Amino acid sequence: TTKEIKSAYTKYKTLSGQTTTSIDKFMRLNIVDKPPVNVCHYVATYVNEERPGELFRSSGGELDLTNDGSEERVEIGAEGSAGNPYISLYDKKTGGPIDIRWAAQDSKEWWGDDISLVLYKDGYYILYSAYGWYPIVLTQLNPSNYERVICQFETVVEEVVGEKCEDKALCELLLTKQRPSYLQFTESHQLEPGKLHLSETGAGRALAIDVDNDGKEEPIIELQYASLAGPGCAYNFFDKLNEDRNGLVDDKTHELLVAMQGLSSKHSRDPVPHCLGNTTGWFRFNGITYYETKFHGERPVSAAGEFHEVSYIKDSQVHKVCQYDFKKKVEIKVCLDCELSEKKPAAKRGQATFPEKSSQSP
């Protein structure tokens, strides 16, 4: 098919004098002109080129997934309110389930939010990835239905300051160890559930800060929303206490805090930036009180963590200060068959050879 595309596109350019961006991009990287070294390299390269869709050839159906010359019914889906992904095999003749066993470990760990089938030169592979094409593990089934780990991937993420920044120097400083420290909320407060705007929310510590930069300190409390429903949801946010510090207020400052943090005044399972947690706090810099929220840890582990927002309130308005970009690169952490695949020619469909059962943990 690639050879046909090359021939047809060459004729098209000659006759029309025009080019097509998407096909030019395909021509710069295709498996005929730049054949992959092995299946691990194949997956990493196409994800890094932001072309993961070209890896996949099926979402299920009747496939020879074990590459033994016979087809089984393959089903990929999500189960439970959490939407946990699964892959199942069923005997084509009897319709009965086929047990998939894991050769690499006694019990299967979390291998990602998505399951996809990758067709390579010697058959189908199973790719587990986190949300947003962060590949984690590539496996393959042998004819005895053992799922064996072939590759482990690591997605290295570099965070850089974007072009749309109100204060680029501050945005760059926040990516260094010299960044300003968060203000420490030290006053312990326990509010009754009826005193909170959101259900499933707990109160933590409070502190009087100049939250809207008008020269006047106001009592602010850190809250945590947490729910086990569905896939689960938890994030920290802030709100304003009343003068007696036994409840929250519903004033202009509260409205600005809600807008700045991307919350809803009612129960919300879809906050900005994301429902799966955040690291957040307040800091003072050059006489301004800033609010910051970002992903957990040193770097995002899925596209859901690609957020970092810095803002402040002044003159009854929310000012967005920083915009960050996230540059990803998938690296091969473990490739169990690399030497084998580099030395031996690929087997034909239905004639693949499989290494012995591995005891190595992914």
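Trainee: In this predicted model, how many of the 10 residues of helix α5 are buried?
Mentor: Good place to begin! Helix α5 spans residues 252-261 and is mostly covered. Counting a residue as buried when its relative accessible area is under 20%, the list reads T253, H254, L256, L257, V258, M260 and Q261. The number of buried residues in α5 is therefore 7 of 10.

Trainee: Which residue has a side-chain oxygen that reaches a backbone nitrogen at the start of α5?
Mentor: Look at the backbone nitrogen of T253, at the start of the helix. T253 is also one of the buried residues of α5. A side-chain oxygen comes to within 3.2 Å of that nitrogen, and the oxygen belongs to D251.

Trainee: Which strands stand at the edges of the open sheet of 4 strands?
Mentor: Let's follow the order, which is β11-β12-β13-β14 with antiparallel pairing. An edge strand here has a single partner, so one of its sides is left without a neighbour in the sheet.

Trainee: What angle does the direction of α5 make with that of β14?
Mentor: Start with the strands: β13 and β14 pair in the antiparallel sense over 8 bridges, and I221 stands opposite D239 in β14. Helix α5 packs on this sheet and touches both β13 and β14. The angle between the directions of α5 and β14 is about 150°.

Trainee: Which residue follows α5, and what is its phi?
Mentor: Nice one to finish on! Step past the end of the helix, whose range is 252-261. The residue there has a positive phi; it is G262, with phi near 70°.

Notes:
Residues are numbered from 1 along each chain as its sequence is written. This is a predicted model: local features need pLDDT of at least 70, side-chain atom pairs count only at pLDDT 80 or more; totals for chains, interfaces and linings use all residues. Side-chain values use heavy atoms; hydrogens and water are left out. Buried means under 20% relative accessible area, exposed over 50%, partly exposed in between (1.4 Å probe, protein chains only). Helices (H or I, at least four residues) and strands (E, at least two) are DSSP runs, numbered from the N terminus. A polar contact is a pair of N or O atoms within 3.5 Å; within protein, one must be able to donate a hydrogen and the other to accept it, and residues adjacent in sequence count only if both atoms are side-chain atoms. Two strands pair if DSSP finds at least two bridges between them. Contact means heavy atoms within 4.5 Å. Axes are lines fitted to C-alpha atoms, for helices over the stretch in contact, and angles run from 0 to 180 degrees between N-to-C directions.
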